[in-house]
Amino acid sequence: MATVFNFSAGPAIMPKDVLRQAQAELLDFQGSGMSVMEMSHRGDEYMAIQAEAEKNIRTLLGVPENYHVLFLQGGATTEFALVPMNLLHAGQSADYTLSGAWGKKAVDEAKVLGKVNVIADTNAARPCRVPTPAELKETAGAAYLHITSNETISGAQWKAFPKTTAPLVADMSSDIASRVIDVKQFGVIYAGAQKNLGPSGVTLVIIRKDLAEAARKDIPAIFRYQTHAENESMLNTPPCFSIYLLMLVTRWIAKQGGVAAIQKVNDAKAAKLYAAIDGSGFYKGAADKAHRSTMNVTFNLPNEDLEKKFAKQAEAEGLKQLKGHRSVGGLRASIYNAFPAEGVDALVSFMREFEKKTG
Ligand SMILES: *Cc1c(COP(=O)(O)O)cnc(C)c1O
């Protein structure tokens, strides 16, 4: 098998050990003679997998007892709709920050359902950045305040979270479990799994119990956080195999020493790459230094032609999927939890070589 370094923004690299274990157990899960894909979701074997997934998430992220941990389907995009469907009551408004492409999608979906106040808009800021906690002026009586903790496309990340009056709702799809957070600061955290937690197909939702309880009841059961909570994420057939892989990823994170240990590694990987960018007159970081992401490192070359050449040559040398998102161009190195430090070293050497040849 070819050795490559996979910089994909999502679906993204998985820990190799997890893939190996899934492969070893694919046909026969722990002597059952069945694949996890083939088992009843109500059977003991599968129930134990999902219970461990929840327990591990609670331990790794420090989720307090008064929060539900839910495994849902539909990706983070579905949460753009479910959050306002559940939490935005008739006559209320919700506050949103608009800091990039994902924040914009969240705003657009919420607008379909109710009154939205965009209280901070950094979408057009170049270099890219997110609002600062000090820039937020909450609307009195807002149902919640929504932020995107890491804008995967622009590469801008919240470094400190605001202390809010309204419940804080965060789309953490691309930096969940990459750094220590205080869950108590949030009303709702949601994340599609396919960046840091596993494959696509499952969405993690962490919601304060009183918010789920008080949420709207005039929507179908399948869209209500409370019914999913009451049914322990088994209102209908869960995405069993995705949850199984997520569970293996949580075990892997624990084996690395937990989120605090992973954060140190992530910080070191990102620092190395940003140092290479800052130390050259050739490469230019796309995000503001105070806001730049440890997960998605975005940068530009002097012109688009060089960027195309860079991505193509890198691909040929096994540095895969470095092309920036089609909406912003440039280059993007996504270096999630499972991305190895050697891959960052390989990219830094490639960047030096490329600059020498073309710069
Ligand atoms: C990837 C991503 C999404 C979209 O997730 P889907 O699972 O495809 O719906 C939303 N928000 C952020 C921040 C993301 O990185």
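Reader: Before we start, what does the model rest on?

Author: The model is predicted, so local features need pLDDT of at least 70 and side-chain atom pairs count only at pLDDT 80 or more, while totals for chains, interfaces and linings use all residues. Residues are numbered from 1 along each chain as its sequence is written, and side-chain values use heavy atoms, with hydrogens and water left out.

Reader: Okay, S242: buried or exposed?

Author: S242 is buried, with a relative accessible area of 13% (buried means under 20%, exposed over 50%, partly exposed in between, with a 1.4 Å probe and protein chains only).

Reader: And which residues does S242 touch?

Author: Leaving out residues up to four places away in sequence, S242 touches P199, S200, G201 and V202, where contact means heavy atoms within 4.5 Å.

Reader: Switching topic, at what angle do α8 and α10 pack?

Author: Helix α8 (residues 259–278) packs against helix α10 (residues 341–358) at about 5°, with the axes 9 Å apart; the two are therefore roughly parallel. Helices here are DSSP runs of H or I with at least four residues, strands are E runs of at least two, and both are numbered from the N terminus. Axes are lines fitted to C-alpha atoms, for helices over the stretch in contact, and angles run from 0 to 180 degrees between N-to-C directions; under 35 degrees counts as roughly parallel, over 145 as roughly antiparallel, 65 to 115 as roughly perpendicular and the rest as oblique.

Reader: Which residues of α8 meet α10?

Author: K269, K272, L273, A276 and I277 in α8 meet A341, V344, D345, L347, V348 and M351 in α10.
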